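Work through the exercises below with the sequence and the model open. Each task is followed by its solution in steps.

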Amino acid sequence: MSSAWNASDVTPDGAAWLASAGTYPRSTLALWEERPDAPVVLPCGSVFDVVSAPAMFGRRMLDRLWDDGPGSGPVARFRGRMLLFAAPGTAQRLPALLEWEEWGGRDSREATRTDAVPPLLCHGTGDAVTVPAPSRNTSLTVPAPPESVSPAVPAPPDSISPATPPPAGTTAPTRSDSRWLVAPDTRQPWLPGPEVLLWAAVRAARSAVRISIFPPADQGAKVYDVSRRR
């Protein structure tokens with residue numbers, strides 16, 4: 001199975017994994033069965049963290065992860081940014097590693113090794129993110145554990161705030177650039193930790209320095225073999 005830069009669909013198992021991050025997984029799955037094209041807001045910190053990068057830099061990180069590294073976890077694009085799903089705890093640890101990497105190179109020839117790394121937004125415990133719709137065309141039928149079902153309520157536009165996350169599983173405004181690049185396809189996807197994403201960020205920064213001012217003709221042809229994922 002492969003995943004390209006074009007939108008890809010979340011499998012039923014992948015949807016179950018995403019929904020498990022919320023307080024009411026069955027409510028989220030019921031919403032997706034009725035409206036598989038609906039993005040939703042989910043909390044970070046327990047099932048996954050999310051590292052949000054500017055689109056172009058996030059793409060370079062993703063290239064490094066697939067070309068030279070272990071691959072990636074799920075990756076989405078939302079509102080012009082790249083969302084890299086990471087292991088819980090990454091949001092707390094990655095900023096410190098980036099700061100240490102920059103400080104550690106001050107007196108060496110590689111003092112500028114993190115200068116090209118743009119600010120990365122790290123979402124962890126207490127934060128919430130909007131995840132793209134699982135599918136644009138198909139319905140989802142996923143068994144879920146017994147629980148009390150709380151109906152999903154549409155979220156007001158632009159109401160997402162990391163400091164005061166909205167109720168898990170609420171719908172979010174649909175955006176044309178909201179899509180999965182590497183869609184979750186299992187109930188236990190492998191997720192990169194802070195060290196792996198630090199490695200990818202540093203190498204993406206170095207590659208950015210060498211990139212020509214003339215971009216390649218076809219920037220949308222990159223294909224990732226998700227069978228390599230752990």
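## Exercise 1: the sheet

Task: find the bridge partner of Val 51 in S6, then place the strands in their sheet.

Solution. Step 1. Val 51 has Cys 122 of S6 as its bridge partner. This is a predicted model, in which local features need pLDDT of at least 70 and side-chain atom pairs count only at pLDDT 80 or more, while totals for chains, interfaces and linings use all residues. Residues are numbered from 1 along each chain as its sequence is written, and side-chain values use heavy atoms, with hydrogens and water left out.

Step 1. Strand S3 (residues 49-54) pairs with S6 in the antiparallel sense, over three bridges. Two strands pair if DSSP finds at least two bridges between them; strands (E, at least two residues) and helices (H or I, at least four) are DSSP runs, numbered from the N terminus.

Step 2. Strand S4 (residues 75-78) runs antiparallel to strand S5 (residues 81-86), and four bridges join them. Phe 78 lies opposite Arg 81 in S5. The hairpin of S4 and S5 has two residues between the strands, and Arg 79 there takes a positive phi near 50°.

Step 3. S4 also pairs with S8, antiparallel, over three bridges; Ala 76 has Trp 180 of S8 as its bridge partner.

## Exercise 2: two helices

Task: describe how H1 and H2 pack.

Solution. Step 1. Helix H1 (residues 12-19) and helix H2 (residues 25-34) pack at an angle of about 135°, their axes 9 Å apart. Axes are lines fitted to C-alpha atoms, for helices over the stretch in contact, and angles run from 0 to 180 degrees between N-to-C directions.

Step 1. Ala 15, Ala 16, Leu 18 and Ala 19 of H1 meet Pro 25, Thr 28, Leu 29 and Trp 32 of H2 (contact means heavy atoms within 4.5 Å).

## Exercise 3: confidence

Task: which pLDDT does the protein average?

Solution. Step 1. The average pLDDT (the predictor's confidence in each residue, from 0 to 100) is 79, and 63% of the residues score at least 70.

Step 1. Over residues 1-6 pLDDT stays under 50, and over residues 153-166 the pLDDT is below 50.

Step 2. Where pLDDT is low, the predicted coordinates should not be read in detail.
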